[in-house]
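Reader: I'd like to learn how to read chain contacts and helix packing off a model. Can you walk me through it?

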There are 2 protein chains.
Amino acid sequence: VAVLLGDWGTSSLRAWVIGPDGDVLAFRRFPLGVGALGPGEAAARFEDDVRPALEARGMPALLSGMIGSNLGWAAAGYVDCPISLDVIAKSLTSAAPGVRIVPGLRCAGLAGPDVMRGEETQLVGWLVGEPARGSGRRLVCLPGTHAKWVRMVDGRVEGFITAMTGELYALLNAHGTLRFSHGPGDAAVNDAEAFDQGLEAAGDGGALAARLFSVRGRIVAGELAPNGSAAYLSGLLIGAEVAGLHPLMGAWTDAPVDLVGDAALCAWYARAFDKRGVATRFADGEAVALAGLREIWRLAG
Amino acid sequence: VAVLLGDWGTSSLRAWVIGPDGDVLAFRRFPLGVGALGPGEAAARFEDDVRPALEARGMPALLSGMIGSNLGWAAAGYVDCPISLDVIAKSLTSAAPGVRIVPGLRCAGLAGPDVMRGEETQLVGWLVGEPARGSGRRLVCLPGTHAKWVRMVDGRVEGFITAMTGELYALLNAHGTLRFSHGPGDAAVNDAEAFDQGLEAAGDGGALAARLFSVRGRIVAGELAPNGSAAYLSGLLIGAEVAGLHPLMGAWTDAPVDLVGDAALCAWYARAFDKRGVATRFADGEAVALAGLREIWRLAG
(Lines give C-alpha, C1' and ligand atoms only; values in the text may rest on other atoms or scores of the structure.)
Protein backbone atom coordinates (compact mmCIF):
# COMPACT_ATOMS: atom_id res chain seq x y z
CA VAL A 1 0.00 0.00 0.00
CA ALA A 2 1.17 3.57 -0.74
CA VAL A 3 1.90 5.97 2.14
CA LEU A 4 2.10 9.74 2.57
CA LEU A 5 5.18 10.81 4.57
CA GLY A 6 5.58 14.35 5.86
CA ASP A 7 8.39 16.36 7.49
CA TRP A 8 6.21 19.17 8.90
CA GLY A 9 8.28 21.84 10.59
CA THR A 10 7.89 25.41 11.79
CA SER A 11 8.41 26.98 8.37
CA SER A 12 7.20 24.41 5.83
CA LEU A 13 5.88 20.91 5.09
CA ARG A 14 7.84 18.58 2.84
CA ALA A 15 5.70 15.62 1.78
CA TRP A 16 6.41 12.47 -0.20
CA VAL A 17 4.17 9.72 -1.56
CA ILE A 18 5.90 6.34 -1.42
CA GLY A 19 4.56 3.50 -3.55
CA PRO A 20 4.08 -0.13 -2.47
CA ASP A 21 7.49 -1.05 -3.86
CA GLY A 22 9.25 1.80 -2.06
CA ASP A 23 9.54 4.25 -4.99
CA VAL A 24 8.95 7.97 -4.46
CA LEU A 25 5.81 8.63 -6.53
CA ALA A 26 5.42 12.30 -5.67
CA PHE A 27 7.09 15.07 -3.68
CA ARG A 28 6.04 18.58 -2.88
CA ARG A 29 7.01 21.38 -0.52
CA PHE A 30 4.07 23.29 1.00
CA PRO A 31 4.38 26.75 2.63
CA LEU A 32 2.24 25.48 5.50
CA GLY A 33 4.73 25.91 8.33
CA VAL A 34 3.37 25.16 11.80
CA GLY A 35 4.41 28.68 12.85
CA ALA A 36 1.86 30.18 10.45
CA LEU A 37 -1.05 27.78 11.11
CA GLY A 38 -4.05 28.93 13.11
CA PRO A 39 -5.39 26.76 15.95
CA GLY A 40 -7.00 23.64 14.54
CA GLU A 41 -6.02 24.56 10.99
CA ALA A 42 -3.58 21.71 10.37
CA ALA A 43 -6.19 19.00 9.80
CA ALA A 44 -8.14 21.04 7.25
CA ARG A 45 -5.07 22.11 5.29
CA PHE A 46 -3.80 18.54 5.23
CA GLU A 47 -7.06 17.08 3.97
CA ASP A 48 -8.09 19.94 1.65
CA ASP A 49 -4.73 21.09 0.26
CA VAL A 50 -2.00 18.53 0.80
CA ARG A 51 -3.77 15.26 -0.03
CA PRO A 52 -5.37 16.53 -3.27
CA ALA A 53 -2.13 18.12 -4.48
CA LEU A 54 -0.35 14.78 -4.07
CA GLU A 55 -3.29 12.63 -5.20
CA ALA A 56 -3.07 10.95 -1.81
CA ARG A 57 -6.69 10.90 -0.62
CA GLY A 58 -7.34 8.12 1.86
CA MET A 59 -3.67 7.09 2.07
CA PRO A 60 -2.21 6.34 5.51
CA ALA A 61 0.11 9.13 6.61
CA LEU A 62 3.09 9.49 8.93
CA LEU A 63 4.23 12.96 10.02
CA SER A 64 7.14 14.24 12.06
CA GLY A 65 8.31 17.64 13.29
CA MET A 66 6.65 20.57 15.03
CA ILE A 67 3.26 19.35 13.77
CA GLY A 68 3.44 17.08 16.84
CA SER A 69 3.83 20.01 19.28
CA ASN A 70 1.08 21.76 21.18
CA LEU A 71 1.16 24.40 18.43
CA GLY A 72 0.59 21.79 15.70
CA TRP A 73 -2.08 19.21 14.92
CA ALA A 74 -1.91 16.93 17.94
CA ALA A 75 0.58 16.78 20.83
CA ALA A 76 2.64 13.66 20.08
CA GLY A 77 4.54 13.72 23.38
CA TYR A 78 8.18 12.96 24.03
CA VAL A 79 10.14 9.80 24.77
CA ASP A 80 12.94 10.12 27.32
CA CYS A 81 16.65 9.58 26.71
CA PRO A 82 18.71 7.46 26.91
CA ILE A 83 16.71 5.68 24.23
CA SER A 84 17.18 3.19 21.43
CA LEU A 85 15.76 4.81 18.32
CA ASP A 86 13.58 1.81 17.40
CA VAL A 87 11.37 2.74 20.36
CA ILE A 88 10.15 5.76 18.38
CA ALA A 89 8.14 3.59 15.98
CA LYS A 90 6.30 2.09 18.96
CA SER A 91 5.33 5.49 20.35
CA LEU A 92 3.34 7.10 17.55
CA THR A 93 0.30 9.28 18.24
CA SER A 94 -2.87 9.08 16.16
CA ALA A 95 -3.93 12.59 15.11
CA ALA A 96 -6.85 11.42 12.95
CA PRO A 97 -7.90 8.11 11.35
CA GLY A 98 -4.90 6.94 9.33
CA VAL A 99 -2.68 9.89 10.35
CA ARG A 100 0.10 9.19 12.84
CA ILE A 101 2.69 11.54 14.30
CA VAL A 102 6.23 10.76 15.51
CA PRO A 103 7.05 11.68 19.14
CA GLY A 104 9.88 14.02 20.08
CA LEU A 105 12.81 13.23 22.39
CA ARG A 106 13.44 14.67 25.84
CA CYS A 107 16.56 14.62 28.02
CA ALA A 108 18.43 16.47 30.76
CA GLY A 109 20.21 19.22 28.82
CA LEU A 110 22.85 21.79 29.65
CA ALA A 111 20.73 24.13 31.77
CA GLY A 112 17.52 22.19 32.33
CA PRO A 113 15.33 19.79 30.38
CA ASP A 114 15.92 19.76 26.64
CA VAL A 115 13.63 18.65 23.80
CA MET A 116 13.77 17.91 20.08
CA ARG A 117 11.02 17.32 17.53
CA GLY A 118 11.80 16.33 13.95
CA GLU A 119 15.51 15.71 14.44
CA GLU A 120 14.76 12.29 16.01
CA THR A 121 13.39 11.24 12.61
CA GLN A 122 16.53 12.52 10.90
CA LEU A 123 18.62 10.53 13.38
CA VAL A 124 16.70 7.36 12.54
CA GLY A 125 17.33 7.97 8.84
CA TRP A 126 20.98 8.80 9.41
CA LEU A 127 21.43 5.64 11.47
CA VAL A 128 20.08 3.29 8.80
CA GLY A 129 22.17 4.98 6.09
CA GLU A 130 25.40 3.19 7.08
CA PRO A 131 25.71 0.18 9.42
CA ALA A 132 28.85 1.67 11.03
CA ARG A 133 26.79 4.56 12.40
CA GLY A 134 25.07 2.16 14.77
CA SER A 135 28.22 1.08 16.60
CA GLY A 136 30.33 2.99 19.07
CA ARG A 137 30.27 6.63 20.11
CA ARG A 138 29.06 9.16 17.55
CA LEU A 139 28.62 12.89 18.02
CA VAL A 140 25.95 14.15 15.63
CA CYS A 141 25.50 17.89 15.14
CA LEU A 142 22.40 19.08 13.28
CA PRO A 143 22.79 22.83 12.52
CA GLY A 144 19.68 24.93 12.01
CA THR A 145 17.38 27.44 13.71
CA HIS A 146 17.76 25.30 16.83
CA ALA A 147 20.95 23.29 16.38
CA LYS A 148 21.14 19.89 18.13
CA TRP A 149 24.27 18.22 19.51
CA VAL A 150 23.46 14.54 19.96
CA ARG A 151 25.59 12.00 21.83
CA MET A 152 25.01 8.47 20.54
CA VAL A 153 26.34 5.06 21.59
CA ASP A 154 25.62 1.92 19.57
CA GLY A 155 22.59 3.55 17.93
CA ARG A 156 21.17 4.77 21.23
CA VAL A 157 20.70 8.48 22.00
CA GLU A 158 22.39 9.17 25.35
CA GLY A 159 21.42 12.84 25.45
CA PHE A 160 21.57 16.09 23.52
CA ILE A 161 21.87 19.87 23.79
CA THR A 162 20.01 22.47 21.74
CA ALA A 163 21.63 25.78 20.76
CA MET A 164 19.48 28.62 19.38
CA THR A 165 22.29 29.85 17.15
CA GLY A 166 20.31 30.06 13.92
CA GLU A 167 17.48 31.91 15.62
CA LEU A 168 19.87 34.46 17.18
CA TYR A 169 21.40 35.02 13.74
CA ALA A 170 18.00 35.60 12.17
CA LEU A 171 16.80 37.91 14.98
CA LEU A 172 19.95 40.03 14.99
CA ASN A 173 19.95 40.35 11.21
CA ALA A 174 16.28 41.20 10.89
CA HIS A 175 15.37 43.30 13.93
CA GLY A 176 18.40 44.35 15.96
CA THR A 177 20.69 47.37 15.84
CA LEU A 178 23.36 45.25 14.14
CA ARG A 179 21.20 45.20 11.01
CA PHE A 180 22.27 48.83 10.49
CA SER A 181 25.78 47.46 10.06
CA HIS A 182 24.91 45.61 6.87
CA GLY A 183 25.81 46.85 3.46
CA PRO A 184 23.37 46.62 0.57
CA GLY A 185 21.80 43.20 0.24
CA ASP A 186 23.35 40.07 1.64
CA ALA A 187 25.69 39.76 -1.31
CA ALA A 188 28.73 38.98 0.82
CA VAL A 189 27.09 36.50 3.17
CA ASN A 190 29.56 33.93 1.86
CA ASP A 191 32.57 36.03 2.74
CA ALA A 192 34.91 33.40 4.19
CA GLU A 193 37.37 36.00 5.45
CA ALA A 194 34.72 37.84 7.48
CA PHE A 195 33.38 34.49 8.73
CA ASP A 196 36.88 33.58 9.97
CA GLN A 197 37.21 36.97 11.69
CA GLY A 198 33.94 36.15 13.47
CA LEU A 199 35.24 32.71 14.46
CA GLU A 200 38.26 34.33 16.09
CA ALA A 201 36.13 36.96 17.82
CA ALA A 202 34.11 34.11 19.37
CA GLY A 203 37.09 33.26 21.59
CA ASP A 204 36.11 30.67 24.19
CA GLY A 205 32.42 31.34 23.51
CA GLY A 206 31.89 33.20 26.80
CA ALA A 207 30.34 36.67 27.23
CA LEU A 208 28.48 36.30 23.93
CA ALA A 209 26.36 39.44 24.43
CA ALA A 210 29.61 41.42 24.60
CA ARG A 211 31.30 39.70 21.66
CA LEU A 212 28.24 40.38 19.50
CA PHE A 213 28.70 44.13 19.89
CA SER A 214 32.05 43.78 18.10
CA VAL A 215 30.05 43.77 14.84
CA ARG A 216 29.12 47.39 15.50
CA GLY A 217 32.52 48.30 16.96
CA ARG A 218 34.44 46.95 13.98
CA ILE A 219 32.18 48.65 11.43
CA VAL A 220 32.57 52.00 13.23
CA ALA A 221 36.33 51.52 13.37
CA GLY A 222 36.53 50.57 9.69
CA GLU A 223 37.90 47.11 10.51
CA LEU A 224 34.99 45.26 8.92
CA ALA A 225 33.28 46.04 5.61
CA PRO A 226 29.50 46.54 5.98
CA ASN A 227 28.85 43.85 3.37
CA GLY A 228 30.88 41.39 5.44
CA SER A 229 28.98 41.91 8.68
CA ALA A 230 26.45 39.11 8.11
CA ALA A 231 29.23 36.58 7.51
CA TYR A 232 31.17 37.91 10.52
CA LEU A 233 28.06 37.58 12.70
CA SER A 234 27.55 34.03 11.41
CA GLY A 235 31.15 33.14 12.23
CA LEU A 236 30.89 34.67 15.67
CA LEU A 237 27.68 32.81 16.57
CA ILE A 238 28.73 29.44 15.11
CA GLY A 239 32.20 29.85 16.63
CA ALA A 240 30.72 30.59 20.06
CA GLU A 241 28.44 27.56 19.80
CA VAL A 242 31.27 25.22 18.86
CA ALA A 243 33.72 26.70 21.39
CA GLY A 244 31.10 26.57 24.15
CA LEU A 245 29.64 23.14 23.52
CA HIS A 246 32.34 20.90 22.05
CA PRO A 247 34.47 20.89 25.23
CA LEU A 248 31.37 19.74 27.16
CA MET A 249 30.97 16.58 25.08
CA GLY A 250 33.08 14.41 27.40
CA ALA A 251 34.11 11.11 25.83
CA TRP A 252 32.61 12.30 22.53
CA THR A 253 35.23 15.04 22.08
CA ASP A 254 37.63 12.47 20.61
CA ALA A 255 35.28 11.42 17.81
CA PRO A 256 34.85 13.16 14.46
CA VAL A 257 31.60 15.14 14.29
CA ASP A 258 28.79 13.95 12.02
CA LEU A 259 27.14 17.04 10.54
CA VAL A 260 23.56 16.48 9.34
CA GLY A 261 21.55 19.21 7.63
CA ASP A 262 21.69 21.78 4.86
CA ALA A 263 24.92 21.38 2.85
CA ALA A 264 25.88 25.08 2.82
CA LEU A 265 25.25 25.60 6.53
CA CYS A 266 27.05 22.36 7.43
CA ALA A 267 30.06 23.55 5.43
CA TRP A 268 30.29 26.64 7.69
CA TYR A 269 30.10 24.42 10.78
CA ALA A 270 32.78 22.16 9.29
CA ARG A 271 34.98 25.24 8.92
CA ALA A 272 34.45 26.12 12.60
CA PHE A 273 35.26 22.57 13.75
CA ASP A 274 38.28 22.42 11.46
CA LYS A 275 39.77 25.52 13.14
CA ARG A 276 39.67 23.55 16.39
CA GLY A 277 41.28 20.52 14.80
CA VAL A 278 38.05 18.49 14.88
CA ALA A 279 37.26 16.37 11.80
CA THR A 280 33.73 16.28 10.37
CA ARG A 281 31.60 14.15 8.08
CA PHE A 282 28.44 15.26 6.28
CA ALA A 283 25.00 13.79 5.57
CA ASP A 284 22.16 15.66 3.84
CA GLY A 285 19.34 16.60 6.20
CA GLU A 286 16.43 16.26 3.78
CA ALA A 287 17.60 12.85 2.60
CA VAL A 288 17.89 11.48 6.15
CA ALA A 289 14.49 12.97 7.09
CA LEU A 290 12.86 10.96 4.30
CA ALA A 291 14.91 7.87 5.18
CA GLY A 292 13.83 8.23 8.80
CA LEU A 293 10.13 8.50 7.98
CA ARG A 294 10.42 5.41 5.75
CA GLU A 295 12.20 3.43 8.47
CA ILE A 296 9.73 4.44 11.19
CA TRP A 297 6.85 3.54 8.87
CA ARG A 298 8.49 0.15 8.16
CA LEU A 299 9.05 -0.57 11.87
CA ALA A 300 5.52 0.57 12.81
CA GLY A 301 4.24 -2.01 10.35
CA VAL B 1 22.51 82.85 29.68
CA ALA B 2 20.02 79.97 29.57
CA VAL B 3 20.94 76.74 27.79
CA LEU B 4 19.06 73.82 26.26
CA LEU B 5 20.55 70.43 27.24
CA GLY B 6 19.49 67.21 25.51
CA ASP B 7 20.07 63.50 26.12
CA TRP B 8 19.08 62.31 22.64
CA GLY B 9 19.19 58.54 22.36
CA THR B 10 17.91 55.80 20.08
CA SER B 11 14.40 55.75 21.53
CA SER B 12 13.73 59.26 22.86
CA LEU B 13 15.01 62.76 23.56
CA ARG B 14 15.03 64.12 27.11
CA ALA B 15 15.59 67.87 27.11
CA TRP B 16 16.08 70.44 29.88
CA VAL B 17 16.24 74.22 29.89
CA ILE B 18 18.72 75.48 32.48
CA GLY B 19 18.50 79.10 33.60
CA PRO B 20 21.43 81.49 34.11
CA ASP B 21 21.56 80.63 37.83
CA GLY B 22 21.55 76.88 37.17
CA ASP B 23 17.89 76.14 37.91
CA VAL B 24 15.95 73.70 35.72
CA LEU B 25 13.35 75.95 34.04
CA ALA B 26 11.73 73.28 31.88
CA PHE B 27 11.93 69.57 31.10
CA ARG B 28 10.25 67.44 28.51
CA ARG B 29 10.60 64.00 27.01
CA PHE B 30 10.06 63.80 23.24
CA PRO B 31 9.32 60.58 21.32
CA LEU B 32 11.90 61.59 18.72
CA GLY B 33 14.32 58.68 19.12
CA VAL B 34 17.21 58.66 16.64
CA GLY B 35 16.13 55.18 15.57
CA ALA B 36 12.88 56.61 14.18
CA LEU B 37 14.26 59.75 12.51
CA GLY B 38 14.56 59.96 8.73
CA PRO B 39 17.82 61.16 7.15
CA GLY B 40 18.28 64.86 7.84
CA GLU B 41 15.16 65.03 9.98
CA ALA B 42 16.86 65.80 13.31
CA ALA B 43 17.55 69.49 12.61
CA ALA B 44 13.99 70.26 11.55
CA ARG B 45 12.41 68.44 14.48
CA PHE B 46 14.73 70.17 16.90
CA GLU B 47 14.02 73.66 15.55
CA ASP B 48 10.31 73.17 14.78
CA ASP B 49 9.17 70.89 17.63
CA VAL B 50 11.65 70.84 20.49
CA ARG B 51 12.62 74.51 20.78
CA PRO B 52 9.04 75.88 20.63
CA ALA B 53 7.73 73.29 23.15
CA LEU B 54 10.40 74.37 25.64
CA GLU B 55 10.26 78.08 24.72
CA ALA B 56 13.96 77.77 23.90
CA ARG B 57 14.24 79.53 20.54
CA GLY B 58 17.69 80.91 19.90
CA MET B 59 19.17 79.33 23.06
CA PRO B 60 22.56 77.61 22.78
CA ALA B 61 22.17 73.85 22.96
CA LEU B 62 24.33 70.90 23.99
CA LEU B 63 23.30 67.38 22.97
CA SER B 64 24.67 63.93 23.74
CA GLY B 65 23.79 60.38 22.72
CA MET B 66 23.10 58.64 19.40
CA ILE B 67 22.20 62.01 17.87
CA GLY B 68 25.97 62.28 17.41
CA SER B 69 26.20 59.05 15.37
CA ASN B 70 26.11 58.74 11.61
CA LEU B 71 22.39 57.93 11.97
CA GLY B 72 21.74 61.16 13.90
CA TRP B 73 22.17 64.88 13.21
CA ALA B 74 25.94 65.16 12.75
CA ALA B 75 28.73 62.64 13.33
CA ALA B 76 30.41 63.86 16.53
CA GLY B 77 33.28 61.40 16.37
CA TYR B 78 34.93 59.48 19.19
CA VAL B 79 37.79 60.22 21.59
CA ASP B 80 40.09 57.32 22.39
CA CYS B 81 40.62 55.69 25.79
CA PRO B 82 42.42 55.85 28.13
CA ILE B 83 41.05 59.35 28.58
CA SER B 84 40.47 61.91 31.29
CA LEU B 85 36.81 62.87 31.08
CA ASP B 86 37.47 66.63 31.01
CA VAL B 87 38.81 66.13 27.48
CA ILE B 88 35.24 65.55 26.30
CA ALA B 89 34.30 69.21 26.77
CA LYS B 90 37.18 70.19 24.48
CA SER B 91 36.04 67.85 21.70
CA LEU B 92 32.50 69.02 20.90
CA THR B 93 31.17 69.05 17.34
CA SER B 94 29.08 71.91 15.98
CA ALA B 95 25.95 70.52 14.30
CA ALA B 96 24.43 73.91 13.53
CA PRO B 97 24.97 77.47 14.79
CA GLY B 98 24.66 77.29 18.58
CA VAL B 99 24.10 73.52 18.64
CA ARG B 100 26.99 71.37 19.87
CA ILE B 101 27.19 67.59 20.24
CA VAL B 102 29.25 65.55 22.70
CA PRO B 103 31.67 62.98 21.18
CA GLY B 104 31.54 59.29 22.03
CA LEU B 105 34.36 57.17 23.47
CA ARG B 106 36.28 54.44 21.70
CA CYS B 107 38.60 51.74 23.09
CA ALA B 108 39.96 48.26 22.48
CA GLY B 109 37.14 46.03 23.75
CA LEU B 110 36.72 42.33 24.38
CA ALA B 111 36.56 41.14 20.76
CA GLY B 112 37.57 44.19 18.77
CA PRO B 113 37.10 47.96 18.94
CA ASP B 114 34.31 49.10 21.25
CA VAL B 115 32.35 52.35 21.30
CA MET B 116 29.92 54.25 23.52
CA ARG B 117 27.80 57.30 22.86
CA GLY B 118 25.75 58.95 25.60
CA GLU B 119 27.20 56.97 28.50
CA GLU B 120 30.33 59.17 28.48
CA THR B 121 28.07 62.07 29.51
CA GLN B 122 26.56 59.95 32.30
CA LEU B 123 30.08 59.10 33.47
CA VAL B 124 30.97 62.81 33.63
CA GLY B 125 27.84 63.47 35.71
CA TRP B 126 28.46 60.46 37.93
CA LEU B 127 32.05 61.57 38.51
CA VAL B 128 31.14 65.06 39.72
CA GLY B 129 28.40 63.70 41.99
CA GLU B 130 30.84 62.63 44.74
CA PRO B 131 34.53 63.61 45.01
CA ALA B 132 35.46 60.06 46.07
CA ARG B 133 34.42 58.74 42.66
CA GLY B 134 37.39 60.51 41.11
CA SER B 135 40.04 58.64 43.07
CA GLY B 136 41.23 55.08 42.78
CA ARG B 137 39.82 52.17 40.77
CA ARG B 138 36.07 52.15 40.09
CA LEU B 139 34.11 49.62 38.05
CA VAL B 140 31.00 51.31 36.64
CA CYS B 141 28.28 49.17 35.07
CA LEU B 142 25.54 50.94 33.09
CA PRO B 143 22.78 48.40 32.30
CA GLY B 144 20.53 49.00 29.31
CA THR B 145 19.92 47.98 25.71
CA HIS B 146 23.70 47.99 25.32
CA ALA B 147 25.16 47.66 28.81
CA LYS B 148 28.58 49.21 29.41
CA TRP B 149 31.25 47.96 31.84
CA VAL B 150 33.67 50.82 32.44
CA ARG B 151 37.04 50.57 34.18
CA MET B 152 38.05 53.89 35.74
CA VAL B 153 41.16 55.02 37.61
CA ASP B 154 41.37 58.45 39.26
CA GLY B 155 38.56 59.79 37.09
CA ARG B 156 40.11 58.48 33.88
CA VAL B 157 38.38 55.89 31.66
CA GLU B 158 40.88 53.07 31.07
CA GLY B 159 38.57 51.04 28.84
CA PHE B 160 35.13 49.47 28.62
CA ILE B 161 33.15 46.56 27.23
CA THR B 162 29.64 46.67 25.76
CA ALA B 163 27.18 43.78 26.21
CA MET B 164 24.01 43.65 24.10
CA THR B 165 22.05 41.98 26.88
CA GLY B 166 19.05 44.31 26.84
CA GLU B 167 18.74 44.04 23.10
CA LEU B 168 18.87 40.23 23.17
CA TYR B 169 16.13 40.26 25.84
CA ALA B 170 13.93 42.53 23.73
CA LEU B 171 14.51 40.55 20.52
CA LEU B 172 13.82 37.16 22.11
CA ASN B 173 10.67 38.43 23.85
CA ALA B 174 9.25 40.17 20.81
CA HIS B 175 10.17 38.06 17.80
CA GLY B 176 11.70 34.72 18.75
CA THR B 177 10.22 31.28 19.37
CA LEU B 178 10.66 31.81 23.12
CA ARG B 179 7.84 34.37 23.01
CA PHE B 180 5.48 31.39 22.64
CA SER B 181 6.62 30.39 26.11
CA HIS B 182 5.10 33.46 27.74
CA GLY B 183 1.87 33.40 29.64
CA PRO B 184 -0.71 36.18 29.24
CA GLY B 185 0.81 39.63 29.53
CA ASP B 186 4.05 40.33 31.28
CA ALA B 187 2.37 40.27 34.69
CA ALA B 188 5.07 38.19 36.32
CA VAL B 189 8.07 39.97 34.82
CA ASN B 190 9.06 40.82 38.39
CA ASP B 191 9.04 37.21 39.49
CA ALA B 192 12.17 37.04 41.65
CA GLU B 193 12.06 33.26 41.91
CA ALA B 194 12.04 32.77 38.14
CA PHE B 195 14.76 35.42 37.80
CA ASP B 196 16.92 33.48 40.27
CA GLN B 197 16.29 30.24 38.34
CA GLY B 198 17.56 32.06 35.27
CA LEU B 199 20.65 33.29 37.14
CA GLU B 200 21.49 29.70 38.05
CA ALA B 201 20.87 28.48 34.52
CA ALA B 202 23.41 31.06 33.31
CA GLY B 203 26.20 28.98 34.88
CA ASP B 204 29.61 30.35 33.86
CA GLY B 205 27.98 32.35 31.08
CA GLY B 206 29.32 30.09 28.32
CA ALA B 207 27.30 28.42 25.53
CA LEU B 208 24.61 31.11 25.83
CA ALA B 209 22.72 30.01 22.71
CA ALA B 210 22.25 26.61 24.38
CA ARG B 211 21.31 27.96 27.81
CA LEU B 212 18.66 30.17 26.20
CA PHE B 213 16.80 27.12 24.91
CA SER B 214 16.23 26.06 28.52
CA VAL B 215 13.32 28.56 28.57
CA ARG B 216 11.50 26.34 26.10
CA GLY B 217 12.72 23.08 27.67
CA ARG B 218 11.56 24.04 31.15
CA ILE B 219 8.15 25.21 29.98
CA VAL B 220 7.61 21.95 28.07
CA ALA B 221 8.71 19.95 31.13
CA GLY B 222 6.45 21.95 33.46
CA GLU B 223 9.44 23.21 35.48
CA LEU B 224 8.76 26.88 34.72
CA ALA B 225 5.40 28.67 34.71
CA PRO B 226 4.69 30.44 31.40
CA ASN B 227 4.15 33.74 33.23
CA GLY B 228 7.61 33.39 34.77
CA SER B 229 9.45 32.91 31.51
CA ALA B 230 10.23 36.60 30.89
CA ALA B 231 11.79 36.94 34.35
CA TYR B 232 13.68 33.66 33.85
CA LEU B 233 15.00 34.91 30.51
CA SER B 234 16.05 38.18 32.13
CA GLY B 235 17.90 36.31 34.89
CA LEU B 236 19.60 34.05 32.39
CA LEU B 237 20.83 36.92 30.19
CA ILE B 238 21.91 39.20 33.04
CA GLY B 239 23.49 36.25 34.84
CA ALA B 240 25.43 35.26 31.72
CA GLU B 241 26.63 38.85 31.26
CA VAL B 242 27.83 39.14 34.86
CA ALA B 243 29.36 35.65 34.92
CA GLY B 244 31.09 36.21 31.60
CA LEU B 245 32.40 39.74 32.12
CA HIS B 246 33.11 40.25 35.82
CA PRO B 247 35.98 37.72 35.93
CA LEU B 248 37.60 39.60 33.03
CA MET B 249 37.80 42.87 34.97
CA GLY B 250 41.29 42.17 36.35
CA ALA B 251 42.26 44.49 39.20
CA TRP B 252 38.71 45.89 39.19
CA THR B 253 37.19 42.59 40.36
CA ASP B 254 38.04 43.50 43.96
CA ALA B 255 36.06 46.74 43.93
CA PRO B 256 32.33 47.11 44.54
CA VAL B 257 30.41 47.75 41.32
CA ASP B 258 28.83 51.16 40.71
CA LEU B 259 25.53 50.60 38.93
CA VAL B 260 24.27 53.60 36.96
CA GLY B 261 20.91 53.57 35.16
CA ASP B 262 17.24 52.80 35.62
CA ALA B 263 16.53 51.93 39.26
CA ALA B 264 14.45 48.80 38.58
CA LEU B 265 16.92 47.35 36.06
CA CYS B 266 19.89 48.18 38.29
CA ALA B 267 18.17 46.31 41.14
CA TRP B 268 18.12 43.15 38.99
CA TYR B 269 21.82 43.59 38.20
CA ALA B 270 22.52 44.14 41.90
CA ARG B 271 20.80 40.82 42.59
CA ALA B 272 23.01 39.08 40.03
CA PHE B 273 26.19 40.61 41.50
CA ASP B 274 25.05 39.80 45.03
CA LYS B 275 24.78 36.08 44.14
CA ARG B 276 28.46 36.21 43.23
CA GLY B 277 29.35 38.00 46.47
CA VAL B 278 30.03 41.32 44.73
CA ALA B 279 28.78 44.48 46.46
CA THR B 280 27.06 47.23 44.44
CA ARG B 281 26.16 50.90 44.77
CA PHE B 282 23.52 52.74 42.73
CA ALA B 283 23.21 56.09 40.98
CA ASP B 284 20.21 57.20 38.90
CA GLY B 285 20.97 57.29 35.17
CA GLU B 286 18.75 60.21 34.22
CA ALA B 287 20.11 62.36 37.06
CA VAL B 288 23.73 61.74 36.06
CA ALA B 289 22.93 62.37 32.39
CA LEU B 290 21.67 65.85 33.29
CA ALA B 291 24.59 66.44 35.65
CA GLY B 292 26.99 65.40 32.91
CA LEU B 293 25.49 67.74 30.32
CA ARG B 294 25.68 70.61 32.84
CA GLU B 295 29.31 69.84 33.66
CA ILE B 296 30.37 69.54 30.01
CA TRP B 297 28.56 72.82 29.29
CA ARG B 298 30.36 74.47 32.20
CA LEU B 299 33.77 73.17 31.11
CA ALA B 300 33.16 74.13 27.47
CA GLY B 301 32.58 77.67 28.72
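Author: Let's start with the interface: chain B and chain A bury about 3700 Å² between them, and carbon and sulfur atoms give 73% of that. Buried area here is the accessible area (1.4 Å probe) that two parts lose on being put together, summed over both. Keep in mind that this is a predicted model, where local features need pLDDT of at least 70 and side-chain atom pairs count only at pLDDT 80 or more, while totals for chains, interfaces and linings use all residues. Residues are numbered from 1 along each chain as its sequence is written, chains are lettered from A in the order in which they are written, and side-chain values use heavy atoms, without hydrogens and water.

Reader: Which residues of chain B lose the most area to chain A?

Author: P113(B), M164(B) and F213(B), together 17% of what that side buries. As for contacts (heavy atoms within 4.5 Å), 46 residues of chain B touch 46 residues of chain A.

Reader: And how many salt bridges are there between chain B and chain A?

Author: A salt bridge needs a side-chain nitrogen of Lys or Arg within 4 Å of a carboxyl oxygen of Asp or Glu. Between chain B and chain A the count is 0.

Reader: On to helices: at what angle do α2 and α9 of chain A pack?

Author: Helices are DSSP runs (H or I, at least four residues), numbered from the N terminus. Axes are lines fitted to C-alpha atoms over the stretch in contact, and angles run from 0 to 180 degrees between N-to-C directions. Helix α2 (residues 119-129) and helix α9 (residues 285-300) of chain A pack at about 90°, axes 6 Å apart. So α2(A) and α9(A) are roughly perpendicular; that word covers 65 to 115 degrees, with under 35 roughly parallel, over 145 roughly antiparallel and the rest oblique. Residues in this contact include W126(A) of α2(A) and L293(A) of α9(A).

Reader: Where does an oblique pair turn up?

Author: Take α4 (residues 192-201) and α8 (residues 263-275) of chain A, at about 50° with axes 11 Å apart, so α4(A) and α8(A) are oblique to each other. A192(A), F195(A), D196(A) and L199(A) in α4(A) meet W268(A), R271(A), A272(A) and K275(A) in α8(A).

Note on methods. Helix = DSSP H or I, 4+ residues; strand = E, 2+ residues; numbered from the N terminus.
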